[in-house]
Amino acid sequence: MTQYIIALDQGTTSSRAIIFDKKGSVISIGQKEHEQIMPRAGWVEHDPIEIRDNMREVIGIALGRANLTRHDIAAIGITNQRETAVVWDKNTGIPVYNAIVWQDTRTQPIVDRLAGDEGVDRFKDIVGLPLATYFSGTKIVWILENVEGAREKAEAGDLIFGTTDSWVLWNLTGGPDGGVHATDVTNASRTLFMDLKTLQWREDILAEFGVPLSMLPEIRSSSEVYGEARDTSLLRETPVAGILGDQQAATFGQAAFDPGESKNTYGTGNFLIFQTGTEIVKSENGLLTTVGYKLGDGPAHYALEGSIAVTGSLVQWLRDQLGIISSAPEVEELAAKVEDNGGVYFVPAFSGLFAPYWRPDARGAIVGLTRYANRNHIARAALEATAFQTREVLDAVNADSGVDLAELKVDGGMTANDTLMQFQADVLGVEVVRPVVAETTALGAAYAAGLAVGFWNDLDELRANWQEDKRWSPTGDTEERERQLRLWKKAVTKSMDWVDDDVR
Ligand SMILES: Nc1ncnc2c1ncn2[C@@H]1O[C@H](COP(=O)(O)OP(=O)(O)OP(=O)(O)O)[C@@H](O)[C@H]1O
Ligand SMILES: [Mg+2]
């Protein structure tokens, strides 16, 4: 009897396989980190082969830990870091270059060229996004222009592109031997190539970018059977039945399906998603318009998104680059040693600033330093940066939607940090709520797959699975909160205008 769903979560820092039961409870997890390859300032890459092999391994670990086999698994769901681009040879399965990660800023000259006189919002009405290094489209262009022979092979139809959902799906379903080359609407909505209305690739935009249509995966819904795992997989013959980009998956896993429902995920970066239903809402305040989900033949559901590039990765930076902590949770101990930030503000504009500013010319800045400041203040400022950035995104969501959000559903690794979550509630002035299942990203992908094969019947069944774990209520006085926010915004202005012709 089949009684479980397995979700494959191909994230920025690690790949996970998580097995869920019908209640949405985690049965077992396999997880493996992969290398963050940073050959130059602003460049971030992953090895797709390492990711493929890690994914195979974690599937084995998850099955083994739960003492299950493929016969116990009803379906496979896939979720992924969204804009990270892989280009590979469909005849050999070998990538022509490392995956270029969403945080990578090398394509800024390509963005500038495409924006030309018309500006970065040139395609925004069609695709919901400004031209920015963040999205996968410009990364494909870089590979075609910089990898020897790539353009010719692409024109000949030998190279194909995918975000890591497509890479995992293609390898899982046969690779060069009949692998399914597809993606879902949520991932497609992050390329700069998909028309939000028709959910089809725009050939005119592809032509502007110089990307052959033959490279692109087929766009499918988020919940349907795409194919079966190949005969050499541990999961052989199991249907792959759900794909959602990680942030949309987390929203789905939080059971935030309806217009007005939202969530904020605290992972490598922070991503607040606000569902707008079947209506395409254009932001006046620096948010992206994106697809939330599409179930089978049903209509597409859209969302507004506030993407923040650097939050949890700033904690990793304190650990790996600055060396003031040896593990992520230690940041809380350091921050707790001081009463306040000592006047220090840390703007982690490592990839420029994303929402709501979209300023590629910004770079990281620590301001307000005095002789008094120590590493504890810097740790505290780093945590506070996550909360301040979220406040600015929430303000944008409130402004765009015309209603103030009453509470914020949260998830992701950083929500384990009590100090941060309390500070977040204080800075927002709203309740912050975390569900029991913290692995909402994987859960959302499992839900999408389970719905497609009838493991779950409808969204109400999924809503009933949602349970509150912890709630943080705002404390402290509003005046102090607004004073700090004002200083934060001043700090943000100090990070801007840094990149010019002289800065590489
Ligand atoms: N106690 C903590 N305090 C602050 N930050 C933390 C804590 N624990 C983990 N983090 C941060 O949370 C992030 C990991 O969160 P999570 O596991 O949700 O991300 P992820 O899903 O692995 O990210 P991705 O999908 O992008 O790979 C890391 O960047 C880490 O620095
Ligand atoms: Mg993740």
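In this predicted model, helix H12 (residues 375–401) lies across strand S13 (262–266), S14, S16 and strand S19 (407–411). The direction of H12 is at about 15 degrees to S14. Helix H13 (residues 418–428) also packs on the sheet, where S13, S19, strand S20 (431–435) and S21 are touched by this helix. H13 makes an angle of about 60 degrees with the direction of S21.

| Helix | Residues | Strands touched or crossed | Angle |
|---|---|---|---|
| H13 | 418–428 | S13, S19, S20, S21 | about 60 degrees with S21 |

The sheet itself is open and has seven strands, ordered S15-S16-S14-S13-S19-S20-S21, with mixed pairing. Its edges are strand S15 (288–294) and strand S21 (468–472); each has a single partner strand, so one side of each lacks a neighbour in the sheet. On average, neighbouring strands are turned by 30 degrees against each other, direction ignored.

Within this order, S14 pairs with strand S16 (residues 300–308) through seven bridges, in the antiparallel sense. Asn270 has Ile308 in S16 as its bridge partner.

Strand S14 spans residues 270–277 and includes Thr276. Is Thr276 buried or exposed? Its relative accessible area is 10%, and Thr276 therefore counts as buried, the cut-off being under 20%. Not counting residues up to four places away in sequence, Thr276 touches Pro259, Val281, Tyr302, Ala303 and Leu304. A polar atom of the Thr276 side chain lies 2.9 Å from the backbone oxygen of Glu279.

Notes:
Residues numbered from 1 in each chain as written. Chains lettered and ligands numbered in written order. Predicted model: local features only at pLDDT ≥ 70, side-chain atom pairs only at ≥ 80, totals over all residues. Heavy atoms only, no water. Helix = DSSP H or I, 4+ residues; strand = E, 2+ residues; numbered from the N terminus. Buried < 20%, exposed > 50% of the residue type's maximum accessible area, 1.4 Å probe, protein only. Polar contact = N/O pair within 3.5 Å; in protein donor to acceptor, adjacent residues only side chain to side chain. Contact = heavy atoms within 4.5 Å. Pairing = 2+ DSSP bridges. Axes fitted to C-alpha atoms, helices over the stretch in contact; angles between N-to-C directions.
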